[in-house]
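Subject: Structure handover

Dear colleague,

Please find the structure below. My notes on it follow.

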Amino acid sequence: MTLYRAGDEVLHYMWDPIGVAGVPTIRDEYYGYLPQVFGLMKEDQGEAAIAHYLTQVAVAAMGLPENAAHDL
């Protein structure tokens, strides 16, 4: 459970591609991506695999320009 919460914190406060970390009412904005990130962490896929997934989410699901360096 600690790893899951840590992943959530990283997605919300550090990755935060749409800049909502300071808005408490939408704290759950990235919850939908957390199970995949958690799975990658549990499988010890490494930071490159997680960053690749986050880049795909930002581009395909959010329509944002690619920012692989930020996702890493």
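The buried residues of helix H1 are covered by, among others, helix H2 (34-42), helix H3 (47-61) and helix H4 (68-71). Please bear in mind that this is a predicted model.

The residues in question are Gly7, Asp8, Leu11, His12 and Trp15, which are buried in H1. They lie on the same side of H1, because the arc they cover around the axis is only 130°. An α-helix has 3.6 residues a turn, so residues three or four places apart point the same way. Thr2, Arg5 and Met14 are exposed on the other side of H1.

As for length, H1 runs over residues 2-15, and at 1.5 Å a residue its 14 residues should span 20 Å. The C-alpha atoms at its ends are 18 Å apart, which agrees. After H1 comes Asp16, with a positive phi near 30°.

Now the charged pairs. The whole structure was searched for salt bridges, and two were found. One joins the side chains of Asp8 and Arg27, at 2.9 Å from N to O. This pair links distant parts of the chain, since Asp8 is in helix H1 and Arg27, 19 residues apart from it, is in the loop between H1 and H2. In the other, the side chain of Arg27 meets that of Glu9, again with 2.9 Å from N to O; here the partners are 18 residues apart.

Glu9 is partly exposed, at 39%.

Regards

How values were computed:
Residues are numbered from 1 along each chain as its sequence is written. This is a predicted model: local features need pLDDT of at least 70, side-chain atom pairs count only at pLDDT 80 or more; totals for chains, interfaces and linings use all residues. Side-chain values use heavy atoms; hydrogens and water are left out. Helices (H or I, at least four residues) and strands (E, at least two) are DSSP runs, numbered from the N terminus. The expected span of a helix is 1.5 Å times one less than its number of residues. Buried means under 20% relative accessible area, exposed over 50%, partly exposed in between (1.4 Å probe, protein chains only). The arc is that of the directions from the helix axis to the C-beta atoms. Contact means heavy atoms within 4.5 Å. A salt bridge is a side-chain nitrogen of Lys or Arg within 4 Å of a carboxyl oxygen of Asp or Glu.
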